[in-house]
Amino acid sequence: MSEFRQDIVSQHWVLFAPNRASRPEDFKHAPATPDIKLVPEHDKTCPFCSGREEMNVEVAAKPAGRNWKVRVILNKFEALGHTGGRTRTDFYTVREGIGDHEVIITRPHNALTAFMPDDLLDLDLQMYQERMIALSNHPEVEYVHVLQNHGREGGASLLHPHSQIFATPFVPEHLHDEVTGCFDFFQTNGACVYCEMILKELSDRERVIIDNKDFLVFAPFAARVPYAMRIIPKRHEASFTDMSSSARRSLAQVLKMALQKLYFKLNNPAYNYYIHTLPVSHSMNTRYDARSYHWHLEILPRLNVWGGFELGSDVYVNTVLPEAAADILRQK
């Protein structure tokens with residue numbers, strides 16, 4: 001029996017139609033990347049590999065110099081840049097594409113995030129934090145969005161592991177809906193909706209996938225895509241940059257565990273993960289409140305193709321109930 005579920009934060013609806021497909025094998029796809037055993041540690045033709053540093057404009061590196069492990073570069077085909085900045089309206093509104101578009105590269109060439117050494121992934125996450133802080137200091141920036149694309153269906157044009165950072169002069173609509181939804185819940189109930197969600201998920205247990213001392217991983221009640229996962233800190237934190245170094249190391253372990261579950265349970269699908277965090281304070285929007293918002297990391301496997309109903313109505317159709325997805329993903 002199909003059912004509609006509403007996201008408690010954004011108020012957006014998702015249609016669940018579990019009779020159409022439910023098991024991992026129902027989603028036919030080739031692995032998003034070759035077997036890591038067949039991928040070399042270094043590829044002399046890869047623009048992200050060591051030895052080709054001069055091909056890119058470096059922003060930061062850890063450690064500095066030729067022995068870097070994590071490196072930040074400007075995107076060669078950046079979607080945003082620091083040119084212009086005016087908004088003009090002549091019936092339609094146009095705004096210059098000001099902001100930043102950076103790429104965070106890890107070494108070596110075959111270090112899939114799911115199997116990356118803990119210390120390297122921790123360094124990667126630390127660089128996320130540092131670049132988010134640095135970009136947030138630009139007066140025109142209102143939101144900093146960190147994401148990773150895995151596989152061509154996920155939008156990754158290169159095999160070499162990397163993440164991207166976009167800094168935009170406005171808060172994206174989906175994020176605005178989420179943050180203001182949190183604020184409205186806080187005003188009505190005097191509590192963070194995500195803190196309450198953690199308590200609900202721990203009580204129900206049926207959507208929990210990983211229960212770590214610092215983080216909870218669960219299948220969202222109104223997940224937009226099959227086998228989606230949410231990683232959220234158990235401690236209330238509004239911004240990803242507020243996370244301590246010890247919690248960050250814990251996140252590295254949990255993120256790897258979650259991605260390994262996708263790799264083994266779903267035959268290494270393409271995916272996107274992204275971090276939702278409190279918008280930059282430049283916005284001065286009173287609804288962007290640190291008391292009511294709670295950062296989290298979303299993992300969305302790319303197992304299905306959106307059709308006319310999704311694109312025309314903005315109501316997503318998910319063929320796997322979150323409870324069924326969690327049951328499969330939490331299995332050893």
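Arg248 touches Asp122, Leu125, Gln126, Gln129 and Met243, leaving aside residues up to four places away in sequence. Touching, or contact, means heavy atoms within 4.5 Å. Arg248 lies in helix H4. Its relative accessibility is 9%, so Arg248 counts as buried. Buried means under 20% relative accessible area, exposed means over 50%, and partly exposed falls in between (1.4 Å probe, protein chains only).

This is a predicted model: local features need pLDDT of at least 70, side-chain atom pairs count only at pLDDT 80 or more, and totals for chains, interfaces and linings use all residues. Residues are numbered from 1 along each chain as its sequence is written, and side-chain values use heavy atoms, with hydrogens and water left out.

**Whole protein**

The secondary structure comes to six helices and 15 strands. Helices (H or I, at least four residues) and strands (E, at least two) are DSSP runs, numbered from the N terminus. The radius of gyration is 20 Å, close to the 20 Å from the globule rule for 332 residues, so the protein is as compact as a globular protein of that length. That radius is taken over C-alpha atoms, and the rule is 2.2 Å times the number of residues to the power 0.38.

| Property of the protein | Value |
|---|---|
| Span of the C-alpha trace along its principal axes | about 55 × 50 × 45 Å |
| Buried residues | 54% of the 332 residues |
| Contacts between residues 24 or more positions apart | 71% of those with a separation of 6 or more |
| Accessible surface | about 15900 Å², 53% of it from carbon and sulfur atoms |

Accessible areas come from the Shrake-Rupley method with a 1.4 Å probe; for residues, only the protein chains shown count as cover.

**Helices H2 and H3**

The axes of H2 (residues 173-189) and H3 (residues 193-204) come within 9 Å and cross at roughly 80 degrees. That makes H2 roughly perpendicular to H3, a label for angles of 65 to 115 degrees. Axes are lines fitted to C-alpha atoms, for helices over the stretch in contact, and angles run from 0 to 180 degrees between N-to-C directions. H2 contributes Glu178, Cys182 and Phe185 to the contact, and H3 contributes Val193, Tyr194 and Glu196. Four of these residues are nonpolar, none polar and two charged.

**Helix H6**

Helix H6 (residues 322-329) is mostly covered, with six of its eight residues buried. These are Pro322, Glu323, Ala325, Ala326, Ile328 and Leu329. Their cover includes strands E1 (3-6), E2 (13-16), E10 (208-211) and E12 (229-233), along with helix H4 (245-265).

Definitions and conventions. Angles under 35 degrees count as roughly parallel, over 145 as roughly antiparallel, 65 to 115 as roughly perpendicular and the rest as oblique. Ala, Val, Leu, Ile, Met, Phe, Trp, Tyr, Cys and Pro count as nonpolar, Asp, Glu, Lys and Arg as charged, and the others, Gly among them, as polar.
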